[in-house]
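The exercises below ask you to read a fold, a pocket and several individual residues from coordinates. Work through each task before turning to its solution.

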Amino acid sequence: MSRGASALPSKTSFILYLSRPLKAFILRFSLALCLMLALLALFVSKIDSPFTRQVKLYVADTYASITSFLVAPINAVSSLGDTVDTYFFVHSENKLLKNQNQELSQQLAVLSQVKVENERLRSLLSMVEPMRYRHISTTIVGDASGPYIRSILVDKGTNGDILKGQAVMASKGLIGRVTEVGSRSARVLLLTDIHSKIPVITALSRHRAIMAGKNQHDPQLLYLSKDAKLIENEEIVTTGDGNLFPPNLPIGVVTVHPDGGYFVKPYVAWHELEHVSVLMEDQS
């Protein structure tokens with residue numbers, strides 16, 4: 001045992017003794033060795049043979065694998081940065097588009113309201129009336145109707161040349177007349193009011209009557225001649241008698257009550273009234 005143990009250091013010492021010159025040789029000629037290997041690799045690369053081609057392909061594959069492995073984290077970080085930039089850009093663009101959409105929606109609502117109002121005003125101005133009358137357009141600002149009265153308030157008075165007694169029209173027909181006038185407003189007594197009584201005539205059969213309000217939707221025709229036989233749905237217009245209203249203003253159509261009475265169904269949809277037109281005599 002002691003001999004084997006003592007022999008081991010001598011062998012190790014021998015190996016170390018031989019490696020020292022080899023190490024010194026490698027250190028001294030390492031540059032030359034690298035240059036020789038480079039020249040050898042260059043020489044081998046110039047040789048066109050199946051073996052060299054396989055070696056070059058193997059080296060290229062190994063290089064590509066190592067490069068892909070090293071570049072992958074860089075690409076991931078770059079892609080993440082692009083994704084973050086895209087997210088913030090899309091978020092900012094989305095916010096801008098929402099604001100623009102809200103502004104366009106508000107503008108569309110305003111334009112729609114203006115369009116509706118313009119169409120109503122156009123319909124008022126397009127009514128066929130004698131040329132000696134002109135229209136003063138105004139807006140309803142209050143409904144003073146109650147159990148015993150049917151009237152409305154409009155937003156023009158003496159400041160808009162409104163006078164007591166003037167006829168007031170909607171887009172399709174007569175609705176009443178001005179009964180009270182202030183500086184900035186006026187009260188219009190509707191045809192349906194119980195105090196409203198105006199002379200009218202049927203457009204086809206030419207029967208005259210007095211149209212009286214009943215505080216209901218349809219006024220009644222009174223004081224017809226005994227032999228009067230009115231035609232269902234024929235038009236009722238003003239006569240112009242007594243200068244209360246201009247002649248031939250459209251009002252509505254005749255309806256026949258089951259008991260034999262005659263009523264007038266107005267052209268006007270009372271619940272839709274917003275804009276009206278006051279007729280003023282043209283002095284020109």
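**Exercise 1.** Determine how many helices and strands the protein has, and in which order the elements run from the N terminus.

*Solution.* Bear in mind from the outset that this is a predicted model. Step one is the count, which gives 2 helices and 12 strands. Step two is the order: starting at the N terminus, the elements run α-α-β-β-β-β-β-β-β-β-β-β-β-β. Step three turns to contacts, where, among those with a separation of 6 or more, 53% join residues 24 or more positions apart.

**Exercise 2.** Find what share of the residues is buried, and how much accessible surface the protein has.

*Solution.* The protein has 284 residues, and buried ones make up 28% of them. Its accessible surface comes to about 19,700 Å², with 62% of that area belonging to carbon and sulfur atoms.

**Exercise 3.** Characterise the largest pocket by its volume, its lining and the classes of its lining residues.

*Solution.* The general idea comes first: rolling a probe the size of a water molecule over the atoms shows where empty space is left. In the largest pocket this space amounts to about 330 Å³. The lining consists of 17 residues, and those nearest the centre are Tyr-133, Gly-165, Gln-166, Asn-243 and Glu-281. Sorted by class, the lining holds 9 nonpolar, 5 polar and 3 charged residues. Strand β12, which covers residues 275-281, gives the most to this lining, with 3 residues.

**Exercise 4.** Decide whether Thr-138 is buried or exposed, and list what it touches.

*Solution.* Thr-138 has its place in strand β1, which covers residues 133-143. Because its relative accessible area is 4% and the cut-off for burial is under 20%, Thr-138 is buried. Leaving aside residues up to four places away in sequence, Thr-138 touches Val-154, Asp-155, Lys-156, Glu-274, His-275, Val-276 and Val-278. With one of these, Asp-155, Thr-138 makes a polar contact between side chains at 2.4 Å.

**Exercise 5.** Describe the loop residues Gly-173, Asn-215 and Asn-233 by their positions, and give the phi values of the two asparagines.

*Solution.* Begin with Gly-173, which is found in the loop between β3 (167-169) and β4 (174-181). Gly-173 counts as buried because its relative accessibility is 0%. From its C-alpha to that of Gly-252 the distance is 7.2 Å, although 79 residues separate the pair in sequence.

Next comes Asn-215, in the loop between β7 (208-212) and β8 (220-222). Its phi is near 60 degrees, a positive value in a residue other than glycine, and at 12% relative accessibility Asn-215 counts as buried.

Asn-233 is not a glycine either, yet its phi is positive, at about 70 degrees.

Key. Residues are numbered from 1 along each chain as its sequence is written. This is a predicted model: local features need pLDDT of at least 70, side-chain atom pairs count only at pLDDT 80 or more; totals for chains, interfaces and linings use all residues. Side-chain values use heavy atoms; hydrogens and water are left out. Helices (H or I, at least four residues) and strands (E, at least two) are DSSP runs, numbered from the N terminus. Buried means under 20% relative accessible area, exposed over 50%, partly exposed in between (1.4 Å probe, protein chains only). Contact means heavy atoms within 4.5 Å. Accessible areas come from the Shrake-Rupley method with a 1.4 Å probe; for residues, only the protein chains shown count as cover. On a 1 Å grid over the protein atoms alone, a cavity is a set of points where a 1.4 Å probe fits but cannot get out, and a pocket is an open set with protein on both sides within 12 Å along at least five of seven lines; lining residues have an atom within 4 Å of a point. Grid points are joined across faces, edges and corners, and a volume is the space filled by probe spheres set on the points. Ala, Val, Leu, Ile, Met, Phe, Trp, Tyr, Cys and Pro count as nonpolar, Asp, Glu, Lys and Arg as charged, and the others, Gly among them, as polar. A polar contact is a pair of N or O atoms within 3.5 Å; within protein, one must be able to donate a hydrogen and the other to accept it, and residues adjacent in sequence count only if both atoms are side-chain atoms.
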